[in-house]
Amino acid sequence: MQFDHTFTVPADPDEAWKLFHDLARVAPCMPGAVLDTLDGDAFTGRVKVRIGAVQMSYRGEGTVMRDEAARSMHLDLSGSETRGSGTASATVTATLAAGPDGTRVHVRTDLDITGRPAQFGRGIMTEVGDRLVQQFADRLEGVLRERPGSGGQVPAASAAEPEAVDLGAAALPVLLRKAAVPTAAVLLAVVLVRVVRRRSRG
């Protein structure tokens with residue numbers, strides 16, 4: 001599945017692009033993710049997600065390539081469930097450009113996922129992606145207001161377990177909207193049956 005998202009960070013393109021070079025600061029902005037190791041353009045990390053009462057933890061690795069002239073970065077990511085057979089892989093391309101309120105970031109994601117999260121259709125996955133990207137953008141804005149990190153070193157806090165991001169909560173509004181039409185149809189059918197019964201009795 002392919003997804004496109006765009007958000008704005010309140011910084012000029014040079015400052016934003018400099019931040020995107022620092023994975024140790026950017027990676028923790030992604031909800032549910034923890035960066036474990038960083039060696040040049042290669043890294044490893046963990047992601048924890050929750051769908052209702054079910055939690056899933058993924059361990060994976062990735063590499064990053066940058067196009068300085070285009071202010072674009074390309075990530076190749078792959079991972080698998082630590083206690084299950086599910087897998088996930090993605091290629092993510094983020095391109096930065098000047099915008100009226102700072103820097104506009106366009107993110108294109110090609111995602112391939114197996115296991116329990118694969119039960120969600122494209123509509124739900126798009127909604128989940130929208131919410132996660134918005135959270136990422138909000139955290140990124142907070143990082144821009146903080147003191148710069150220590151030059152790419154992985155923070156000590158990264159050894160902790162990631163806080164699970166609730167995909168079920170993100171998907172619930174979509175599920176409710178999808179259920180609204182069939183639910184309304186069922187209620188209408190019940191009302192019609194009752195009306196017919198009352199008239200037949202009369």
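This is a predicted model: local features need pLDDT of at least 70, side-chain atom pairs count only at pLDDT 80 or more; totals for chains, interfaces and linings use all residues.
Residues are numbered from 1 along each chain as its sequence is written, and side-chain values use heavy atoms, with hydrogens and water left out.

The secondary structure of the chain consists of four helices and eight strands, where helices (H or I, at least four residues) and strands (E, at least two) are DSSP runs numbered from the N terminus. Along the sequence these elements follow the pattern β-α-α-β-β-β-β-β-β-α-β-α. Of the 202 residues in the chain, 34% are buried; here buried means under 20% relative accessible area, exposed means over 50%, and partly exposed lies in between, for a 1.4 Å probe and protein chains only. The accessible surface of the chain comes to about 11900 Å², and carbon and sulfur atoms account for 56% of this surface; these areas come from the Shrake-Rupley method with a 1.4 Å probe, and for residues only the protein chains shown count as cover. Among contacts (heavy atoms within 4.5 Å) between residues at least 6 apart in sequence, 60% join residues at least 24 apart.

The largest nonpolar core contains 27 residues, and those with the most contacts inside it are Phe7, Val9, Phe20, Met73, Val105 and Leu140. A nonpolar core is defined as a set of buried Ala, Val, Leu, Ile, Met, Phe, Trp, Tyr and Cys residues joined through side-chain atoms within 4.5 Å. At least two residues of this core are supplied by each of S1, helix H1 (13–20), helix H2 (23–26), S5, S6, strand S7 (102–113) and H3, and H3 gives the most, with six residues. Apart from this core lies another, of seven residues, which include Val49, Met56, Val128 and Val165. When neighbours within four places in sequence are left aside, methionine 73 is in contact with Trp17, Phe20, Leu23, Val64, Met65, Arg66, Val92, Thr93 and Ala94.

The buried residues of H3 are Ile124, Met125, Glu127, Val128, Gly129, Leu132, Val133, Phe136, Ala137, Leu140, Val143 and Leu144. The 23 residues of H3 should span 33 Å at 1.5 Å a residue, and this agrees with the 32 Å between its end C-alpha atoms, the expected span being 1.5 Å times one less than the number of residues.

A search of the whole structure finds one aromatic pair. Its members are phenylalanine 7 and phenylalanine 136, whose ring centres are 5.9 Å apart and whose planes lie at 80 degrees, so the pair is edge-to-face. Rings of Phe, Tyr and Trp (its six-membered ring) pair if their centres lie within 6.5 Å, and planes under 30 degrees apart count as stacked, over 60 as edge-to-face and the rest as tilted. Because phenylalanine 7 lies in strand S1 (residues 2–9) and phenylalanine 136 in helix H3 (residues 122–144), the pair ties together parts that are 129 residues apart in sequence. Phenylalanine 7 is buried, with a relative accessible area of 7%, and phenylalanine 136 is also buried, at 10% relative accessibility.

Strand S4 (residues 54–67) pairs with S5 in the antiparallel sense over ten bridges, two strands being paired if DSSP finds at least two bridges between them. S4 and S5 form a hairpin with four residues between them, and arginine 71 in the turn has a positive phi of about 50 degrees. S5 is also joined to strand S6 (residues 87–99) by nine bridges, again antiparallel, and a hairpin connects S5 to S6 through five residues. Serine 80 has threonine 87 in S6 as its bridge partner.

Glutamate 81 belongs to strand S5 (residues 72–81) and is the bridge partner of tyrosine 58. Glutamate 81 is buried, with a relative accessible area of 8%, and, leaving aside neighbours within four places in sequence, glutamate 81 is in contact with Met56, Ser57, Tyr58, Gly86 and Arg116.
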